[in-house]
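My entries follow in the order I made them.

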Amino acid sequence: MTILEQRKTAVRETAEEILSIIGDTPSVERLERAKTVLVALCARAELFPVADFPIPDGEVTDRTFLIYENEDGAALYMVTSVPSQTYRPHDHGGSWALIGMIQGETRHGMFVTETGAEDGVPKLVHKTDIVCSPGHAVSLMPDGIHNTASIGEGPLLHLHFYGTRFEDQSARTEYDLETGQTVQFRLEEFGFIEDRR
């Protein structure tokens, strides 16, 4: 069996197991259980060679490859990033999310919105940081908000699984911590997604 055939089988089995765990109603407990399944796939680094998933170069900081999608719109992506990769705080438009590392480390800042006591205006509040490295994964409920920053000097290889594919995360919001403003996510600003199914 070729690496491509092995990868397709492993990706499909992983996705189906995760979706069966999460079901129709994601919960913290279900996402925690699902993380271990994604971590097991991340441990099979031989299925994700750089020849199939190149590290970006030039001005491009990351590349996104679709490796699984089902008829309900769930999607699994392989992402390669340069060491300087960062994303400002954002949600995923009402989708749950699982992120696991194959190579490298990222720091995820976890945020919540709280209503200000004085003006009643929702504010973004940083709660904690989680470092995600091989053997670990991060999960987000549909209302979860996080930012990311790479750690170290090597390139990043990571898997992202969402209940709603990127193209359908139209309600995704990004947050500017300096100005307090929010920006609606637009796929064309994200870049393009390469199909590697």
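I first looked up which residues of helix H2 (residues 28-42) are buried. They are Leu31, Ala34, Lys35, Val37, Leu38, Val39, Leu41 and Cys42; buried means under 20% relative accessible area, with a 1.4 Å probe and protein chains only. Helices (H or I, at least four residues) and strands (E, at least two) are DSSP runs, numbered from the N terminus.

I noted the source: this is a predicted model, in which local features need pLDDT of at least 70 and side-chain atom pairs count only at pLDDT 80 or more, while totals for chains, interfaces and linings use all residues. Residues are numbered from 1 along each chain as its sequence is written, and side-chain values use heavy atoms, without hydrogens and water.

I asked what covers the buried residues of H2. The cover includes helix H1 (3-22) and the strands E2 (75-81), E4 (97-103), E7 (137-140) and E9 (156-162).

I then checked the length of H2.

Next I looked at H1 against H2. They pack at an angle of about 175°, with their axes 9 Å apart; axes are lines fitted to C-alpha atoms over the stretch in contact, and angles run from 0 to 180 degrees between N-to-C directions. H1 and H2 are therefore roughly antiparallel (over 145 degrees). Residues of H1 including Val11, Ile18 and Ile21 meet residues of H2 including Leu31, Val37 and Leu41; contact means heavy atoms within 4.5 Å.

I turned to E2. Seven of its seven residues are buried, so E2 is largely enclosed by the rest of the structure. Ala75, Tyr77, Val79 and Ser81 lie on one side, and Leu76, Met78 and Thr80 on the other.

Which strands run antiparallel to E2? Seven bridges join E1 to E2, and seven join E2 to E9; strands pair if DSSP finds at least two bridges between them. Tyr68 stands opposite Leu76 in E2, and Ala75 stands opposite Tyr162 in E9.

How values were computed. The expected span of a helix is 1.5 Å times one less than its number of residues. Buried means under 20% relative accessible area, exposed over 50%, partly exposed in between (1.4 Å probe, protein chains only). Angles under 35 degrees count as roughly parallel, over 145 as roughly antiparallel, 65 to 115 as roughly perpendicular and the rest as oblique.
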